[in-house]
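Dear colleague,

I am handing over the structure that we spoke about, and I would ask you to keep it open while you read.

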Amino acid sequence: MKIGFIGLGIMGAPMCENIIKKHNDKVYVFDFVKEKTELLESKGAAACSSSAETALNADIIISMVPKSEHSKAVYTEILAVLDSSKICIDMSTIDPGVSVEIADMVKGTGAQFADAPVVKSQPAAVAGKLGIYVGCGEQLYEKIRPVLLYMGENVIRMGDNGKGLVMKICHNALVSQIQNGVNETVTLAGRYGIDIDSYARAISYGGGQNFYLDSKSAAIKNQDFTTAFSAENMYKDVNICMNMAEECGFLMPGEKVVQRVYDKVMEVGYGREDFSVTFKVVHG
């Protein structure tokens, strides 16, 4: 079964490389940045000149692009080459409502569609240890699960189309609030003379221990915000979350605070840095 991969960015490239290493058939790749396509070609993939060419050659088409409009553009472009022999998996983190629209559009051609956004950041993508939330029917899930396991070690079906994305947005909203709590309390501790290493060690002794602090305390201490997951991507997800909450009439005051932090991050030009750069805004 031939696989096509569209979108070879910070996450997409290592995800695709894991497929190339583990899959026993051809892998076709495309990205608008030619150098990214060429890099994966050097790893053993077959380079394509467009999304449509990639989809034409592949039985399973995977996309990993930044925003809702990018996913919609990909599937609009490839629609003409889809039929009942094709399976589409969008692993992008986009608005769940837009994903359902794309699913309906794709399924109208006879092709099958799943949303399968990922959690964790680039190191986990490189290691093939992502978490993956899937939205599709049970039969399709069983069919695509072996392919998803090339990229992740924890794969879970959350329900039908769109539900994988609902879970991803809820996950990232929780991360963003944990992150803000860490940023605020490590700053408060610092004002009273407690350094970051001592703070992190003390937190690990109690119920406040969390993955964000464990993985980012060194970055905060060293002010090294090299991007594993960008602030602009988390900004996008926070805003999707707030739109979802508004749609269903649910107030999220905690996430509203986080939204203001990310508004400031974008205003001062930190968007391309790692999302832990929010510490600089909170710390002042």
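This is a predicted model: local features need pLDDT of at least 70, side-chain atom pairs count only at pLDDT 80 or more; totals for chains, interfaces and linings use all residues.

Residues are numbered from 1 along each chain as its sequence is written, and side-chain values use heavy atoms, with hydrogens and water left out.

The whole chain

The secondary structure comes to 13 helices and 9 strands, where helices (H or I, at least four residues) and strands (E, at least two) are DSSP runs numbered from the N terminus. The C-alpha atoms fill a box of roughly 65 × 45 × 35 Å along the principal axes. Buried residues make up 50% of the 284 residues, and buried means under 20% relative accessible area, exposed over 50%, and partly exposed in between (1.4 Å probe, protein chains only). Of the contacts (heavy atoms within 4.5 Å) with a separation of 6 or more, 66% join residues 24 or more positions apart.

Two helix pairs

Two packed helices are described by the angle between their axes and the distance between the axes. Axes are lines fitted to C-alpha atoms, for helices over the stretch in contact, and angles run from 0 to 180 degrees between N-to-C directions. Angles under 35 degrees count as roughly parallel, over 145 as roughly antiparallel, 65 to 115 as roughly perpendicular, and the rest as oblique.

Helix α4 (residues 68-78) packs against helix α5 (residues 96-107) at about 5°, with the axes 10 Å apart, which makes α4 roughly parallel to α5. Among the residues that meet there are Ser 71 and Tyr 75 in α4, and Ile 102 and Met 105 in α5.

Helix α8 (residues 163-191) and helix α12 (residues 253-267) pack at about 75° with their axes 9 Å apart, and they are therefore roughly perpendicular to each other. The residues making this contact include Ala 173 and Gln 177 of α8, together with Val 258 and Tyr 262 of α12.

Asn 210 is in the loop between α9 (196-204) and α10 (211-222), and Asn 210 is buried, with a relative accessible area of 13%. A polar atom of the Asn 210 side chain lies 2.9 Å from the backbone oxygen of Gly 208, and a polar atom of that side chain lies 2.7 Å from the backbone nitrogen of Leu 213. Leaving aside neighbours within four places in sequence, Asn 210 is in contact with Ile 178 and Val 182.

Ser 230, in the loop between α10 and α11 (231-247), counts as buried at 6% relative accessibility. The side chain of Ser 230 reaches the backbone nitrogen of Asn 233 at 3.1 Å, and, not counting residues up to four places away in sequence, Ser 230 touches Gly 271, Arg 272, Glu 273, Asp 274 and Phe 275.

Lys 34, by contrast, is exposed, with a relative accessible area of 58%, and its place is in helix α2 (residues 34-42).

Technical notes:
A polar contact is a pair of N or O atoms within 3.5 Å; within protein, one must be able to donate a hydrogen and the other to accept it, and residues adjacent in sequence count only if both atoms are side-chain atoms.
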